[in-house]
Amino acid sequence: MGSGRQRCWFTVLTSDELFTEVGLDDSPPSAVFQNAFASNSTSTSIQLATNLPTTEVPIYINMYFSEVAVLDSTEIRSFELRIDGKSSSKPFIPVYAKAGEMVLSNETASSRTNFTLATTSDSTLPPLINALEVFTVSDELTDGTNSDDVDGLVALQREFDVLGDWGGDPCLPAPYSWYWINCTSGSTPRVTALHLGSFGLSGLLPDFSSMTSLEIIDLHNNSLIGSIPEFLGTLRIELV
């Protein structure tokens, strides 16, 4: 049996095999299968920590398994996934030095949902698990921030190096929009404000007239030069 270290209700097992065959579509690294967590007895289940939100959301879970040692003829390790105490999978028997996977999809769950790995009646060894991946399934993909607004932001980033550190979609996902802009909600957000006060901007303002939904432009306490661009007169904005 692979070596083990006792930790409360579970044991950390190390595989006897240095290299584990990984032939899974998800391509987890082979290092994942060098160590496993097992409960201390067949009567003790492994409770899976998911860190899901308090409200139910669609989920996708990958569980990875590999037996850590060659078992003798009297030993068997067989377990199943249970959700809130109910069997939710066929019995799973991990294979020595080979990667195995159990996938849970088309389910909704929350932080109150209880996921456990429990031995089947014929198992002589406790359940184990090498790794766990938990995903929440978001709404369908959107087209992203309005392309005209993106073009305007790119013009600003090209002109002012201090703005170049921001990447990805400016407005989406909504909780992580660039902090110096405001965006509308919806599948194709528009940028409604630029908060660039005290950003250390210097030089001429580039043309960002494509950002036709702007309502507020805050440029105070910078070192801009030149006259006010004519295109600002075409926008219905409050200039700060």
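I started at Ser66, where a polar atom of the side chain lies 3.2 Å from the backbone oxygen of Lys98. A reminder to myself: this is a predicted model. Ser66 is found in the loop that runs between strand 5 (57-65) and strand 6 (79-83). Buried or exposed, I wondered about Ser66? Its relative accessible area is 1%, so Ser66 is buried, the cut-off being under 20%.

Next I looked up Thr119, which belongs to strand 9 (residues 115-119). Here too I found a side-chain contact to a backbone oxygen: a polar atom of the Thr119 side chain lies 2.7 Å from the backbone oxygen of Thr42. Thr119 has a relative accessible area of 14% and is therefore buried. Leaving aside residues up to four places away in sequence, I listed what Thr119 touches: Thr42, Ser78, Phe79, Arg82, Leu125, Pro126 and Pro127.

Then I turned to the cores. The largest nonpolar core has 24 residues, and those with the most contacts inside it are Leu48, Ile59, Met63, Phe65, Leu104, Phe115 and Leu117. Which strands each supply at least two residues of this core? I noted strand 3 (35-39), strand 5, strand 6, strand 8 (100-109), strand 9 and strand 10 (128-129). Strand 5 gives the largest share, 5 residues.

Beyond four places in sequence, Phe115 touches Ile46, Gln47, Leu48, Thr50, Leu52, Ile59, Ile61, Arg82, Ile83, Leu104 and Ala109. I also found a second, separate core of 22 residues, with Leu153, Cys171, Val191 and Phe199 among them.

Last, I went through the backbone. The peptide bond from Leu172 to Pro173 is cis, with omega near -10°. Pro173 sits in the loop between helix 1 (147-159) and strand 12 (181-183).

For Asp84, phi is near 50°; Asp84 is in the loop between strand 6 and strand 7 (86-87) and counts as partly exposed at 49% relative accessibility. For Asn221, phi is near 60°; Asn221 lies in the loop between strand 15 (216-218) and strand 16 (223-224). At 58% relative accessibility, Asn221 passes the cut-off of over 50% and so counts as exposed.

How values were computed. Residues are numbered from 1 along each chain as its sequence is written. This is a predicted model: local features need pLDDT of at least 70, side-chain atom pairs count only at pLDDT 80 or more; totals for chains, interfaces and linings use all residues. Side-chain values use heavy atoms; hydrogens and water are left out. Helices (H or I, at least four residues) and strands (E, at least two) are DSSP runs, numbered from the N terminus. Buried means under 20% relative accessible area, exposed over 50%, partly exposed in between (1.4 Å probe, protein chains only). A polar contact is a pair of N or O atoms within 3.5 Å; within protein, one must be able to donate a hydrogen and the other to accept it, and residues adjacent in sequence count only if both atoms are side-chain atoms. Contact means heavy atoms within 4.5 Å. A nonpolar core is a set of buried Ala, Val, Leu, Ile, Met, Phe, Trp, Tyr and Cys residues joined through side-chain atoms within 4.5 Å.
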